[in-house]
Amino acid sequence: MLWFTGIICALVIVIGPVYLLLKYSVSDINSINTGGNPVPMWPYNPTLQAYVYLFSDSHFYQVLLNSVVISLFTIALGMILGIPASYVLGRYKLPGRKVLLLMIISVRLFPDIASVIPVVEFFIKIGMHQTYLGVILAHTLLALPYIIFIGAGAFESIPDDLEGQAIILGANRFQTFFKLLFPLAMPGLAAAAIYTFLLSWDEFIFSYFLMLGKQEIYTLTLYLNGIKYAEPQNLLAAISVCLSIPVIAFSFMVQKYMVAGISAGSVK
Amino acid sequence: MADVVIRSLFKKYGNHRVIENLNLEIHDGEFVTLLGPSGCGKTTLLRMIAGLEPIDNGELFINGKLYNHIPPQKRSLAMVFQSYALFPHMTVRKNICFGMKIKKLSKSEMDRKFEWVINLLRLKELENRLPREISGGQRQRVALARSLVLDPEVLLLDEPLSNLDAALRETASEELKRIHRQLGKTIIYVTHNQVEAMTMSERIALFRFGRIEQYDKPRVLYDSPATVFSAEFIGSPKMNFYEGEIEIRNNVAGIKTDLAFLKLDKEREKTIFSMPGRKILAGIRPQTVYYTGHLLRRRYTDTEVEILAELVENMGDRSLVVGRTEAGTLIRFIITREEKIDQDKRMKIFIDGRRIHVFDPITQLNIFR
């Protein structure tokens, strides 16, 4: 019984906010400004007018596209830089390997709000602020330590015997990497990609300082920030739903690569 | 097919010497087992032959060619790992064809070899399964198949049977022998299981602390162990050992031990006649002790001992008896199932003097080799 209650509580905590978000996004004005009456559990007259308004705003399309482009390029760049690094850190017994990994991850120990000033200062100096590339680079900077950390773990967990066997069967380093190690590290790398997408899609602080004043390259989070005081809340809720859906969709897409126990049956 | 020659090989991990001045010659087409307790360097040697571990010092020749600096990809040998190391994301077919694809064999040749090997190793109908979907015995055969299709000159096997259960292990070992007979490849086989080594190999290299203790045919290893370690390691149950010294009684030389005054065969008796007083370690295999109840013609070389059967362990087809003499010395021996011995029974046993092993307690060497 206690167990059952626990599940109910957990569901309420997880589903509750999502429900509120959805509810507000389809609320009519009278269900928000109730004039002292309690806010209803479900709007009196559910309406999609917030979405209609949102999708009629051409800036919103621009912003949506910006977010997609920036996050996809962040994933691409992060993977291009992160996979070789994690391969080396995961597969080679380099001296000081653990220290190096620790140093890489410790970059993220600073609060974003503390590191954003020097980074943006530097980006301004090299003329990278208010550009797509600048934002992509900044997001890559944030994601890379995690990609390397997760990726190195994925490469490290592949049994040495498999690599030895591939070499004895005649495979060179490249063939061993592309035919064996990369496919086997795929679940970990997919997890890193999901993480990178989430990070870039949700990122606010760096985007804010780097893009401020240049509306053409705004991402969804900045767009949301720009109308945060706008009434009624149904528009905000609709934007939030639009922020969430791609994240969920992307996670589902990549999930098929995250097969648990992919290496089962390889050794022993 | 090829012969393998190893000359004064050394290998160190940090300060730990894994292999020390090792010499080994393996003939073309021979089935040689590297046998020894775990951590004795046998797997390291195998990995050095395969090229996965660099050679610190010494020479490795295959077919007369120096192999020290040839990268593992270019060595025409194959290895089956203890873990089988099947590629988990590839089907059985892709696993088996992996090496052939890398060597860029033509499609028709690849198909021909694949057909040949799945028939040889009974892998039909498994070709589209993943490694996790097949049994342990099948995985072992896939690993072997993957090596055999490359037609290696030398086949290295690292404890390929140790992950199988007892029944499967027997079938698999018979199969390995059959394949060796059929293909005539040089096989180097690593195991810590003396039964596997004895039944399968043509010669056994017995390892101890990175050195070869003895390198001989299985029968020779069993019948005349060169050292105390060989004598102890080979044979089950373990050999009985007694410290003693050479003594001459009634003009006959023998070994005085706590168990009895042990007589030897005539030829060896002559030899030890000239060394009275010499300290000896005598080894008696449990299988060379006979029981009086069993009507045997006694030989003059037999030593008679009276014991009390303290413990009788039934092993099915035979029993292990632990006997104690009046003086308290223990002896372990085997009786067949036809001979029945009750526990706590007094009895007489005979030790076959022709098959007593005589070692020097200091050098640990067999003095008759």
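**Exercise 1.** Work out which orientation class describes helix 8 and helix 9 of chain A.

Solution. Step 1: identify the helices, which are DSSP runs of H or I with at least four residues, numbered from the N terminus. Helix 8 covers residues 160-168 and helix 9 covers residues 173-202 of chain A. The model is predicted, with local features needing pLDDT of at least 70, side-chain atom pairs counting only at pLDDT 80 or more, and totals for chains, interfaces and linings using all residues. Residues are numbered from 1 along each chain as its sequence is written, and chains are lettered from A in the order in which they are written.

Step 1: take the geometry. The two axes come within 10 Å and cross at roughly 140 degrees; axes are lines fitted to C-alpha atoms over the stretch in contact, and angles run from 0 to 180 degrees between N-to-C directions.

Step 2: classify. Angles under 35 degrees are roughly parallel, over 145 roughly antiparallel, 65 to 115 roughly perpendicular, and the rest oblique. Helix 8 and helix 9 of chain A are therefore oblique to each other.

**Exercise 2.** List the residues that make the contact between these helices.

Solution. Step 1: apply the criterion, C-beta atoms placed from the backbone lying within 7 Å. Step 2: read off each side. Helix 8 gives A:L162, A:E163, A:A166 and A:I167, and helix 9 gives A:T176, A:L180 and A:L181.

**Exercise 3.** How many residues join domain 1 to domain 2 of chain A?

Solution. Step 2: count. Eight residues of domain 1 are in contact with seven of domain 2. Step 3: locate them. Helix 1 of chain A supplies the largest share of the domain 1 side, four residues.

Definitions and conventions. Two residues are in contact if their C-beta atoms, placed from the backbone, lie within 7 Å. Helices (H or I, at least four residues) and strands (E, at least two) are DSSP runs, numbered from the N terminus.
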